[in-house]
Amino acid sequence: MAARLMHAVQYNSCGGGPSDLKYVEVPAPTPKKDEVLIKVEAASLSPVDWRIQQGMLRPMFPREFPQIPGTDVAGEVVEVGSGVKNFKAGDKVVAMLNFANGGGLAEYIVAKANLTVPRPPEVSAAEGAGLPAAGLMAYQAVTDSAGIKLDGSGKPANILITGTADGAGLYAVQLAKLGNTHVTATCAAQHIEIVKSLGADEVVDIISPDGAALKSPSGKKYDIVIHCGAPTPWSTFEPNLASNAKIFDLNPTPSAIKTYALKKLTFSKKQLIPVLLSVKAESLDYLLKLMKEGKLKTVIDSKYSLSKAEDAWAKNVDEKAIGKIILEP
């Protein structure tokens, strides 16, 4: 496969915009011992992709140039490394790549076999490609961090989920509603009906007085906040929190880290806790099973061909999409 050429999208430096993405022809990768080579059927964009391009995560990411962005893909296995026993050519899969190297916006990618999972036939490539980063972050926040039991057996909880137009927020609403919860969600006015359709009990326009203050229309105090939205000061959250409330921040800023430390040092019962993504194949496999059973869905904002990646990237930067932006070779 080393001699095979493929189309891919790449950029050569940080700090640029959508126009810096180039649709090029490059050699297809070859799988190492613990990797699988996948023919990509769909890839999705995440907000972190353009933040990496902007240089916001340097010096960690990107690791090298030129950079092929994208971490979330679905496709078909065409070759496996010598040490891979659980996949074979022809298997339909979903995989997550690492943020340092990316590689998703291409016709072929190599993925670690231990971060690749089978894709049920009931789940389309586009639906599967939308899942990894956003779905895993939501799952981790709802279950590992917040302790919500998705079989509904946990104690009742009032939950606020902010910024529910993005992928993680939309998955978080659906996952939280599998538990014994009352979910209040915030989003832009034009997205309210979609968020309601996913199960949210109350949805508040983020620019309304209640939305700006993060108030529940029914007056409920929140036991749990899953914060997917823009940076928000503690003083906005605090009046709406129950006595032992926990805020789980999926996009922690330096200010949020300071609040986390302060609440720890003062032994406050109300806590703000950063959530950092931990990628686990078993969690991704579980989420795909929920999709197969119709208990979880990927909201797809739009689809673009790989050759039109510049347009998809511009929409991702704009951050006005509802759900996932999908690219297909």
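This is a predicted model: local features need pLDDT of at least 70, side-chain atom pairs count only at pLDDT 80 or more; totals for chains, interfaces and linings use all residues.
Student: Why is the pair of Y11 and W313 called tilted?

Tutor: The ring planes of Y11 and W313 stand at 55 degrees, and because stacked requires under 30 degrees and edge-to-face over 60, this pair is tilted. The ring centres are 6.5 Å apart, and rings pair if their centres lie within 6.5 Å.

Student: What makes this a pair that ties together parts 302 residues apart in sequence?

Tutor: Y11 lies in the loop between β1 and β2, whereas W313 belongs to helix α10 (residues 309–318), so the contact ties together parts that are 302 residues apart in sequence. Both Y11 and W313 are buried, and together with F65 they form one aromatic cluster.

Student: Which other pair is tilted, and where do its residues lie?

Tutor: Y139 and Y286 form a tilted pair, with 5.7 Å centre to centre and 50 degrees between the planes. Y139 sits in helix α3 (residues 132–145) and Y286 in helix α9 (residues 281–292), 147 residues apart.

Student: Why is Y139 called buried?

Tutor: Its relative accessible area is 16%, and because buried means under 20%, Y139 counts as buried.

Student: Why is Y286 called partly exposed?

Tutor: For Y286 the relative accessible area is 33%, which lies between the limits of 20% and 50%, so the term is partly exposed.

Student: What lines the second largest pocket?

Tutor: Its lining divides into 15 nonpolar, 7 polar and 4 charged residues, and the largest share, 5 residues, comes from β6. The volume of this pocket is about 640 Å³.

Key:
Residues are numbered from 1 along each chain as its sequence is written. Side-chain values use heavy atoms; hydrogens and water are left out. On a 1 Å grid over the protein atoms alone, a cavity is a set of points where a 1.4 Å probe fits but cannot get out, and a pocket is an open set with protein on both sides within 12 Å along at least five of seven lines; lining residues have an atom within 4 Å of a point. Grid points are joined across faces, edges and corners, and a volume is the space filled by probe spheres set on the points. Helices (H or I, at least four residues) and strands (E, at least two) are DSSP runs, numbered from the N terminus. Ala, Val, Leu, Ile, Met, Phe, Trp, Tyr, Cys and Pro count as nonpolar, Asp, Glu, Lys and Arg as charged, and the others, Gly among them, as polar. Rings of Phe, Tyr and Trp (its six-membered ring) pair if their centres lie within 6.5 Å; planes under 30 degrees apart count as stacked, over 60 as edge-to-face and the rest as tilted. Buried means under 20% relative accessible area, exposed over 50%, partly exposed in between (1.4 Å probe, protein chains only).
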